Amino acid sequence: EKRFLVVRDPLARLLSYYRNKVELLSHPRTYSNIYVDILMHYRPIRWFLNFDKRVSAFRAISYGESMTEGKNQRKPGEDNPYLDPPYPTFREIVSAVISGWRDNHIVPATQRCGPCGSTQYDFLLKAETFDCDLKNMFNLTG
């Protein structure tokens, strides 16, 4: 019995997460609270003194969701600093990851299944070269 693990380049995985989950807002209800927190903590807002960050960030995220769902929601007040864009930027997501934020889609393989410890794998396949790696694995195992 041979064991194999498929891994993906961490930067490609992070970019794929951003494009699918953030830019396309593919699961808005799942991620809206996370995005509100990321906007509040990683988007520098210096020119607004008296505003509720959480409410403004939530309104921006809700507006972004409505745009992806094809709803005609009225744009929140022009003085909302979180509307440009109404979701976290790639830089803000990277800042959150560097600070320790994790999501199942971006957790490194070493933290997900312990490949360096408990399980001994016979083959390591890369998602980027999966077809070639799979053929090589089958050729080696007969």
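## Overall layout

Helices (H or I, at least four residues) and strands (E, at least two) are DSSP runs, numbered from the N terminus. With that in hand, the order of elements in the protein, starting at the N terminus, reads β-α-α-α-α-α-β-α. The secondary structure therefore comes to six helices and two strands, where these terms are DSSP runs.

This is a predicted model, in which local features need pLDDT of at least 70 and side-chain atom pairs count only at pLDDT 80 or more, while totals for chains, interfaces and linings use all residues. Residues are numbered from 1 along each chain as its sequence is written, and side-chain values use heavy atoms, with hydrogens and water left out.

## Surface and contacts

How much of the protein counts as buried? Of its 142 residues, 35% do; buried means under 20% relative accessible area, exposed means over 50%, and partly exposed lies in between (1.4 Å probe, protein chains only). The accessible surface of the protein is about 9500 Å², and 51% of this belongs to carbon and sulfur atoms. Such areas come from the Shrake-Rupley method with a 1.4 Å probe, and for residues only the protein chains shown count as cover.

A contact means heavy atoms within 4.5 Å. Among the contacts in the protein with a separation of 6 or more, 68% come from residues 24 or more positions apart.

## Helix 1 meets helix 4

Two packed helices are described by the angle between their axes and the distance between the axes. Helix 1 (residues 10-23) packs with helix 4 (residues 90-98) at an angle of about 120°, and their axes are 11 Å apart. That makes helix 1 oblique to helix 4. Axes here are lines fitted to C-alpha atoms, for helices over the stretch in contact, and angles run from 0 to 180 degrees between N-to-C directions. Angles under 35 degrees count as roughly parallel, over 145 as roughly antiparallel, 65 to 115 as roughly perpendicular, and the rest as oblique.

Which residues meet here? From helix 1 come Leu14, Leu15, Tyr17, Tyr18 and Val22, and from helix 4 come Phe90, Ile93, Val94 and Val97. By class, the residues of this contact are nine nonpolar, no polar and no charged. Ala, Val, Leu, Ile, Met, Phe, Trp, Tyr, Cys and Pro count as nonpolar, Asp, Glu, Lys and Arg as charged, and the others, Gly among them, as polar.

Leaving aside residues up to four places away in sequence, glutamate 23 touches Tyr18 and Tyr87. In helix 4 you will find serine 95, which is partly exposed at a relative accessible area of 27%. Serine 95 and isoleucine 38 are 57 residues apart in sequence, with 9.0 Å between their C-alpha atoms.
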